[in-house]
Amino acid sequence: MNYISRRQFIQYSSLGIGTSILTSCASPNNSNSVAKTDKNLDKVTYGTNWYAQAEHGGFYQAIATGIYENYGLDVTIRMGNAQVNGTQLLVGGAIDFYMGFGIEAISSVEAGIPTITVAAIFQKDPQVLIAHPGVENDSLEQLKGKPIYISSLSEKGYWQFLKSKYGYTDDQKRPYNFSVAPFLVDKNVIQQGYLTSEPFTIRQKGGFEPVVMLLADAGYQPYATTIETTKEMVEKNPDLVQRFVDASIKGWYSYLENPEPANQLIKKDNPEVTDDLLAYSLEKMKEYGIVISGDAATKGIGAMTDERWKLFFDSVVEAGVIKLDTNYKEAFTLQFVNKGVINN
């Protein structure tokens, strides 16, 4: 499986944590937080959902610029893969924090798994549908009844939303093999993708600009690239949780301003990622307000609200994905976010 196509594999599944490790090594910069001495840093491990990439940039930036150190943290990033269950590692204590996703957080409540979301870095899920230009496949409404390549792992998430809102049917589905090749040879098909990757690949390999439809702008609005931990961690060590959340948020503000420090570490950890892709991914995150939009514009990066969680919960209940009696409020806490915008 190549780097570009991997994003759709991880959506709506139990995400994996790999073994590659990147540790804090840069000199600390100034911070308003009360940091511990270098000899007394709290060791923290954050598990991501795939190999290093621009979509993880703020966390790498907090390492590269010493922000985590300033908050008294010695942070290790463990990259994800598809073979290991990250939620199991989190509950088992192998990692301290995990890069989660809205539907998974509510599903964990339904399953009785004691995890909790403490921040949401992505206000918009970057999931998109992609079509060829000039064939009247320019809106989600126009795709009803037409063949769409999607992965089986997407069926619990956005596919149910599309069926509920636009009347899509299961006979439209085609098995997605994590390659853009079938899409490139047939202008009448549609495929799933990630805003920050597949359109870039299609442009490079196909030589044209595809039609890109962001599902978040159509009403599919789970939080994504979240920070999850265990309920025990929140109860027993809220100070550590707050420091990790605050430092990660500051890292994201820094990354959006000047990504180069993080990008150097990202390329070191994942040699397959290119400068062009990193630049494209960051450009799209900014253009579409993936990180800063909605509540995050005033409450700060990482923002969450009960109203937003409730709206998403209602939508997945209506789509038949989650049971009505699930207590969605157990999936998150607002204790550590909504502190306001940081001016670097």
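These legends accompany close-up views of a predicted model.

**View 1. The whole chain.**
The predicted chain contains 14 helices and 11 strands. Of its 344 residues, 59% count as buried. The chain exposes about 13,800 Å², and carbon and sulfur atoms supply 48% of that area. Among contacts between residues at least 6 apart in sequence, 85% join residues at least 24 apart.

**View 2. Packing of helix H5 against helix H14.**
Helix H5 covers residues 102-111 and helix H14 covers residues 306-318. Their axes are 11 Å apart and cross at an angle of about 75°. H5 and H14 are therefore roughly perpendicular to each other, since angles of 65 to 115 degrees fall in that class. From H5, the contact involves Gly102, Ile103, Ala105 and Ile106. From H14, Trp309, Phe312, Phe313 and Val316 take part. The contact residues divide into seven nonpolar, one polar and no charged.

**View 3. Salt bridge between Lys231 and Glu330.**
The closest N and O atoms of Lys231 and Glu330 are 3.7 Å apart, and the two residues form a salt bridge. Lys231 belongs to helix H9 (residues 231-236), while Glu330 sits in the segment after H14, so the pair ties together parts that are 99 residues apart in sequence. Lys231 is partly exposed, at 23% relative accessibility. Glu330 is also partly exposed, with a relative accessible area of 36%.

**View 4. Arg243 and Asp239 in helix H10.**
Arg243 and Asp239 form a salt bridge in which the closest N and O atoms are 2.9 Å apart. Both residues lie in helix H10 (residues 238-257), four residues apart, or about one turn of the helix. Arg243 is buried, with a relative accessible area of 9%, whereas Asp239 is partly exposed at 46%. A network of salt bridges links Asp239 and Arg243 with Asp42.

**View 5. Glu287 and Lys284 in helix H12.**
A salt bridge joins Glu287 to Lys284, with 3.0 Å between the closest N and O atoms. The two residues are three apart in helix H12 (residues 275-287), about one turn of the helix. Lys284 has 14% relative accessibility and counts as buried, because buried means under 20% relative accessible area.

**View 6. Surroundings of Pro147.**
Pro147 is placed in the loop between S6 and S7. With a relative accessible area of 22%, Pro147 is partly exposed. Leaving out residues up to four places away in sequence, Pro147 touches Gln172, Arg174, Asn188, Val189 and Ile190. Pro147 and Gln191 are 44 residues apart in sequence, and their C-alpha atoms are 8.4 Å apart in space.

**View 7. Positive phi at Glu136.**
Glu136 is not a glycine, yet it has a positive phi of about 60°. Glu136 is found in the loop between strand S6 (127-131) and strand S7 (148-150). At 59% relative accessibility, Glu136 counts as exposed.

**View 8. Positive phi at Thr225.**
Thr225, a residue other than glycine, has a positive phi near 45°. Thr225 is found in strand S11 (residues 224-230). Its relative accessibility is 4%, and Thr225 counts as buried.

Key:
Residues numbered from 1 in each chain as written. Predicted model: local features only at pLDDT ≥ 70, side-chain atom pairs only at ≥ 80, totals over all residues. Heavy atoms only, no water. Axes fitted to C-alpha atoms, helices over the stretch in contact; angles between N-to-C directions. Parallel < 35°, antiparallel > 145°, perpendicular 65-115°, else oblique. Contact = heavy atoms within 4.5 Å. Nonpolar A, V, L, I, M, F, W, Y, C, P; charged D, E, K, R; others polar. Buried < 20%, exposed > 50% of the residue type's maximum accessible area, 1.4 Å probe, protein only. Areas by Shrake-Rupley, 256 points an atom, 1.4 Å probe, with all protein chains shown as cover. Salt bridge = Lys/Arg side-chain N within 4 Å of Asp/Glu carboxyl O.
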